[in-house]
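Here is a friendly walk through one protein chain. Have a look at the fold before reading on.

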Amino acid sequence: MNYEELQNEIKAAMKAKDKPRLSILRQVHGEIKNIEVNERREITDADVDAMLKRLIKQTRETLDGSIKAGNDQERTDTLTAQVAVLESYLPKQVSGDELASLIDKVLAETGASSKKDMGRIMGALTGKTGGNFDKAAAAQMLGQKLA
């Protein structure tokens with residue numbers, strides 16, 4: 001997501017009076033500005049992805065705390081909607097059959113044959129997918145293939 005896209009999304013949320021979406025988009029905007037000001041550089045797509053993942057994690061933790069504390073349903077619904085908004089801006093995760101196919105390809109390319117090679121395989125998967133894959137599922141698939 002670039003800056004102009006974000007501005008347009010904020011305007012659309014304001015027009016639609018979508019408070020949860022507007023709130024989280026403004027938070028994203030603030031995070032981007034903080035990075036640009038504090039580090040005196042333009043933000044990259046990788047920075048945005050990392051920031052979105054961090055915000056998703058923080059919002060989910062807040063949601064879990066809200067549920068455990070027994071907060072009202074409106075607050076819980078708002079946090080759930082914010083997580084969904086943030087996830088919609090992340091690149092698609094590679095999973096299932098596509099991930100299995102990619103693992104087979106990486107195993108063939110690297111010649112890996114034991115669990116000792118797990119780090120090298122995961123590194124190759126990260127390089128091919130940009131880190132956008134279910135790491136737990138990949139580790140489980142690799143464990144079965146390298147057993």
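## A helix pair and a buried leucine

Helix α6 passes helix α7 in a right-handed crossing (the near helix is turned clockwise from the far one by less than a right angle). Helices here are DSSP runs of H or I with at least four residues, numbered from the N terminus. This is a predicted model, in which local features need pLDDT of at least 70, side-chain atom pairs count only at pLDDT 80 or more, and totals for chains, interfaces and linings use all residues. Residues are numbered from 1 along each chain as its sequence is written, and side-chain values use heavy atoms, with hydrogens and water left out.

The two partners, with the residues that meet (heavy atoms within 4.5 Å), are:

| Helix | Residue range | Residues in the contact |
|---|---|---|
| α6 | residues 118-129 | Met118, Ile121, Met122 and Leu125 |
| α7 | residues 135-145 | Lys135, Ala138, Ala139, Leu142 and Gly143 |

By type, the contact of α6 with α7 holds 7 nonpolar residues, 1 polar and 1 charged; Ala, Val, Leu, Ile, Met, Phe, Trp, Tyr, Cys and Pro count as nonpolar, Asp, Glu, Lys and Arg as charged, and the others, Gly among them, as polar.

Now to Leu99, which sits in helix α5 (residues 96-110). Leu99 counts as buried because its relative accessibility is 0% (buried means under 20% relative accessible area, with a 1.4 Å probe and protein chains only). Leaving aside residues up to four places away in sequence, Leu99 touches Val94, Phe133, Asp134, Ala137, Ala138 and Met141.

Notes: Axes fitted to C-alpha atoms, helices over the stretch in contact; angles between N-to-C directions. Helix = DSSP H or I, 4+ residues; strand = E, 2+ residues; numbered from the N terminus. Buried < 20%, exposed > 50% of the residue type's maximum accessible area, 1.4 Å probe, protein only.
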